[in-house]
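Please consult the sequence and the structure shown here while reading.

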Amino acid sequence: TLAGDANWTFRGVDGQADRLEADRARQSFHAWGEVRLRLPPGSWRSGGLILPGGELEAVPEKPTDRPIVVRAGELEIRPHETLTNVNVTRLTGRVSVDDTRSRLTCGRLTARTIGLKHRVLDVLAEDEPVVVGATRDDD
């Protein structure tokens, strides 16, 4: 357990939170208190976080694309209870996902991923989900 501005980097994702706990035996990861994640640019649009079928890899559309910023009160990643090789990622507490072109806010966001590349199976945004598209630059 790390407390007081814990920072980590894993598979291209940078994170920070007030407190972090990793349990290797249970293959679980838990962060809480001002959780902030920075994901590779383009990974939301390509499916890495929100859209099923994608992997958590950078797919920038333009050199000016910025990392995706995810904020929440709590983050939990753990193996699925019954499905082999499937992980469940749950973000709770004023969740926001901001990328270059859109913003998602909700109270809880749950994603199921499979395999070492964490291919997204499905995502569920709950508790007043709102998606707002940003203005799009001319290509």
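## Asp-122 and its partner

Asp-122 is partly exposed, with a relative accessible area of 28%; the term covers values between buried (under 20%) and exposed (over 50%), computed with a 1.4 Å probe on protein chains only. Asp-122 forms a salt bridge with Arg-112, and their closest N and O atoms are 2.6 Å apart. Because Asp-122 belongs to strand E7 (residues 119–126) and Arg-112 to strand E6 (residues 102–114), the pair ties together parts that are 10 residues apart in sequence. Arg-112 is likewise partly exposed, at 26% relative accessible area.

A salt bridge here is a side-chain nitrogen of Lys or Arg within 4 Å of a carboxyl oxygen of Asp or Glu. Strands (E, at least two residues) are DSSP runs, numbered from the N terminus.

## Basis of the model

This is a predicted model, in which local features need pLDDT of at least 70 and side-chain atom pairs count only at pLDDT 80 or more, while totals for chains, interfaces and linings use all residues. Residues are numbered from 1 along each chain as its sequence is written, and side-chain values use heavy atoms, with hydrogens and water left out.

## Other salt bridges

The structure holds five salt bridges. One of them joins Asp-98 and Arg-103, with an N to O distance of 3.1 Å; Arg-103 is partly exposed, with a relative accessible area of 38%.

Asp-23 forms a salt bridge with Arg-26, where the closest N and O atoms are 3.6 Å apart. Asp-23 is partly exposed at 24% relative accessible area, whereas Arg-26 is exposed at 63%.

Definitions and conventions. Helices (H or I, at least four residues) and strands (E, at least two) are DSSP runs, numbered from the N terminus.
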